[in-house]
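Student: I'd like to learn how to read aromatic rings in a protein model. Could you walk me through it?

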Amino acid sequence: MKPVIGIIICGLMDDRQFVTNAYIQSIKYAKGVPLLLPLVRSDEALQTYCSLCDGFLFCGGNDITPLLFGKEPAKGLGATNITLDIFQLRLLRAILKTKKPLLAICRGMQVLNVACGGTLLQDIDTSLHAPINHMQLSASRSEISHKVLVAKGSILSSITGSSLYTNSFHHQAVDSLGKGLVPTARTSDGIIEAIELSAHPFALGVQWHPECMYRTSPVMRDLFASFITACRK
């Protein structure tokens, strides 16, 4: 049986809830069954989500409301939706209790960090001195942007090796790490590009967008394949 992967909605637009197609297709081609999980205000529904799925994918999206990680809004903060933020944080915390595999991409990685008690840089350019560009303006979202160095002994390093080249579409980043999280990849300017929950069998967050590179990058296909393999156990 192929594992059922709950894909949590990316965002809200004009009274619609949406998930970008690349996430769905990446799970499908990696031999998982994608199941979209909409925003609901129901503890019972959250528990049902946790029971139905073998693994969970948190996607990219807009910024996270700073008050949810104990900060006032700062210059450079983008669009937020506190209803979506609260839903995703509550669901992620419930998922972590199940110990089921979790892959968190871009905003999803930031939600993972906040759910564990961490904080975020609200805008890299206004927070760091002379950082590299983390918001690429390329012809295609599949193009690489910068190099990422990966920590030895991490889940990520067993998939990618000691380094890889990734795309980059974010202006927020992990600041202080949440409880139990370890940084497992960084760029040359020190920005955390991947995190893992040390006490969890497979809880991995990456700051780039592997779903956009799925067709062009064997490494990104390996990343999704490793996630799906973990969901089969």
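Student: Which residues do ring pairs link into a cluster?

Tutor: Y29, Y214 and F224 are linked that way. Rings of Phe, Tyr and Trp (its six-membered ring) pair if their centres lie within 6.5 Å. Just keep in mind that this is a predicted model, where local features need pLDDT of at least 70, side-chain atom pairs count only at pLDDT 80 or more, and totals for chains, interfaces and linings use all residues. Residues are numbered from 1 along each chain as its sequence is written, and side-chain values use heavy atoms, with hydrogens and water left out.

Student: How many aromatic pairs does a search of the whole structure find?

Tutor: It finds 3. A pair of rings is described by the distance of the centres and the angle of the planes. Planes under 30 degrees apart count as stacked, over 60 as edge-to-face and the rest as tilted. Take F202 and F227: their centres are 5.9 Å apart and their planes sit at 35°, so this pair is tilted.

Student: Are F202 and F227 buried or exposed?

Tutor: Buried means under 20% relative accessible area, exposed over 50%, and partly exposed in between (1.4 Å probe, protein chains only). F202 has 5% and is buried, and F227, at 0%, is buried too.

Student: What about Y214 and F224?

Tutor: Their ring centres are 5.7 Å apart with planes at 70°, so that pair is edge-to-face. Y214 is buried, and so is F224.
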